[in-house]
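Good morning, and thank you for coming. Please look at the sequence and the structure on the screen while I speak about rings, charges and helix packing.

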Amino acid sequence: MPANHNDYYQPARAWFITVLLALFMLINFIDKVVIGLVAVPMMAELNLSPTEFGWIAGSFFWLFSASGVIGGFIANRVSAKWMLLVMGATWSVAQLPIILSSSIAMLVLSRVLLGIGEGPAAPVAYHACYKWFPDSKRALPVSVVNQGAAVGVLMAGVLIPLITVHWGWRASFLVMAIAGGVWVMVWLVFGAEGRVVDDASTAGGATTTAGAARRLPYRMLLGDPTVIGVLAMNFMAYWGLALTLTWFPAYLQKGLGFDGLTAGRLFAMLTLVNMVCSLGLSWWSQRLMARGVTARKGRAVLSGVALIVGGLMIVAVVLVPMPVMVKVILLSAGGGITGVMFSLAPAMVGSVTPDAQRGAMLAILNSIASIAGVLSPVVTGSLIQSTSGDIASGYEHGFALSGVLLAVGGLIGLLWVHPQKSMVRLARGLPLTPALSQEGRGSKAGG
């Protein structure tokens with residue numbers, strides 16, 4: 001065994017695997033967003049109220065969290081290659097009920113099964129990616145993996161309305177079943193397991209100097225203020241994401257009066273803005289870290305400010321009178337800025353977690369955030385249904401709530417998230433309290 005496990009770092013192979021993982025997330029997010037893009041024809045054909053549709057859309061997340069946590073613990077012990085293969089195959093099979101039946105029960109069954117299969121997707125993909133890169137180089141590749149999701153939503157915004165117009169809304173689910181099967185075959189041939197392990201877990205983290213990961217009690221990891229803060233930030237960001245995926249296309253059509261194809265293109269524009277913002281901010285974060293900036297400033301402060309600024313932009317749509325296209329631009333920019341959270345949150349949690357427990361901790365991060373995926377569509381649907389008068393205002397009340405939550409999440413990050421201090425305290429096995437920010441001010445690792 002080499003003295004430094006980072007000798008296993010192979011840049012070309014690592015980036016090839018990253019591209020395959022990005023395609024994995026591309027399919028994952030088209031699966032998520034399809035139901036939002038077919039909301040109007042589905043609601044019309046099945047005579048669904050906004051609240052009923054919210055429950056159907058939210059059913060994807062009913063068992064998503066549980067399967068994510070279970071999958072994360074399995075990822076600590078099972079090859080990520082084979083886990084990803086099984087998940088991809090499950091997605092394709094889960095599309096069959098919605099393709100073959102028109103009943104609401106089958107719609108729900110299909111989405112629940114899909115949620116079970118996709119629950120561990122993001123954390124296992126991140127975990128697989130981390131095995132190919134040392135910690136100092138992880139922010140950008142994880143952002144690229146996330147951009148696979150963004151490209152998926154971009155493609156969906158253009159293609160799903162076209163498929164719906166020509167072949168009906170169910171045809172989109174057939175296309176996704178085929179796409180999942182193709183990815184499984186490619187991954188079976190080219191997928192592989194990385195071997196990079198951090199010896200000292202950046203700044204004195206949670207591994208021994210010999211390189212063997214030291215396991216910590218999960219109550220200690222989950223009680224760490226940095227982890228708690230990142231969990232809260234990620235939850236707020238996911239609330240906004242679930243709202244966008246479920247209701248933004250319908251808002252464009254029923255609230256702002258755009259036709260289905262135009263709404264799809266505007267939805268794609270939102271995704272393009274998200275991609276540019278997320279990649280740019282992730283690149284900036286990694287650049288700052290390479291220059292010696294602390295993780296506190298390069299990750300926690302950056303993501304906290306992004307959530308606050310993005311949240312305020314979204315709230316402005318409700319509080320300030322403005323033209324329709326300005327509303328679309330503000331919602332797109334606000335959502336785009338906050339998207340960096342999905343790259344920096346796993347990086348922050350991963351940096352304070354022993355390698356042997358990282359898969360489970362990333363799954364817990366994702367699963368707690370996904371609870372927002374259950375609540376956000378239903379709460380927003382209720383706001384839409386209960387708002388009298390201008391239908392657009394019901395949607396906008398939902399966006400305003402999301403903006404406030406984002407700003408609160410940003411404040412939590414600025415107050416509580418101190419990655420380097422958490423690394424030092426976890427490595428020492430000291431008791432942890434939310435007053436961590438008052439500890440270690442004289443420590444060189446403080447940040």
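One aromatic cluster is formed by Phe 53, Trp 247, Phe 248, Tyr 251, Phe 267, Tyr 395 and Phe 399. Please keep in mind that this model is predicted. In the whole structure there are 17 aromatic pairs.

Let me take one of these pairs, Phe 235 and Trp 239. Their ring centres lie 6.5 Å apart and their planes meet at 45°, so the pair counts as tilted. How many residues apart are these two in helix α12? They are 4 residues apart in that helix, which spans residues 225-255, and therefore about one helical turn separates them. Trp 239 has a relative accessible area of 7% and is therefore buried, as the cut-off for buried is under 20%.

A further aromatic pair joins Tyr 238 and Phe 342. Here the geometry is edge-to-face, with 6.1 Å from centre to centre and 90° between the planes. Which parts of the chain does this pair tie together? Tyr 238 belongs to helix α12 and Phe 342 to helix α16, residues 341-351, so the pair links parts that are 104 residues apart in sequence. Are the two residues buried or exposed? Tyr 238 is buried, at a relative accessible area of 5%, and Phe 342 is buried too, at 16%.

Lys 32 lies over the face of Phe 29, at 4.5 Å from the ring centre. Likewise, the charged end of Lys 81 sits over the ring of Trp 82, 5.1 Å from its centre.

I turn now to a polar residue, Gln 95. Where is Gln 95 found? This residue lies in the loop between α5 (80-94) and α6 (96-100). Its relative accessibility is 2%, so Gln 95 counts as buried. The side chain of Gln 95 makes a polar contact with the side chain of Asp 31, at 3.0 Å. Setting aside neighbours within four places in sequence, Gln 95 is in contact with Asp 31, Ser 110, Leu 114, Phe 173, Met 176 and Ala 177.

Helix α8 (residues 121-130) and helix α17 (residues 358-386) have axes 8 Å apart, at an angle of about 145°. The crossing of α8 past α17 is right-handed. On the α8 side, the contact is made by Ala 122, Pro 123, Tyr 126, His 127 and Tyr 130. From α17 come Arg 358, Gly 359, Leu 362, Ala 363 and Asn 366.

Thank you for your attention.

Note on methods
Residues are numbered from 1 along each chain as its sequence is written. This is a predicted model: local features need pLDDT of at least 70, side-chain atom pairs count only at pLDDT 80 or more; totals for chains, interfaces and linings use all residues. Side-chain values use heavy atoms; hydrogens and water are left out. Buried means under 20% relative accessible area, exposed over 50%, partly exposed in between (1.4 Å probe, protein chains only). A polar contact is a pair of N or O atoms within 3.5 Å; within protein, one must be able to donate a hydrogen and the other to accept it, and residues adjacent in sequence count only if both atoms are side-chain atoms. Contact means heavy atoms within 4.5 Å. Rings of Phe, Tyr and Trp (its six-membered ring) pair if their centres lie within 6.5 Å; planes under 30 degrees apart count as stacked, over 60 as edge-to-face and the rest as tilted. A charge sits over a ring if NZ of Lys or CZ of Arg is within 6 Å of the ring centre and within 35 degrees of the ring normal. Axes are lines fitted to C-alpha atoms, for helices over the stretch in contact, and angles run from 0 to 180 degrees between N-to-C directions. A crossing is left-handed if the near helix is turned anticlockwise from the far one by less than a right angle, and right-handed if clockwise.
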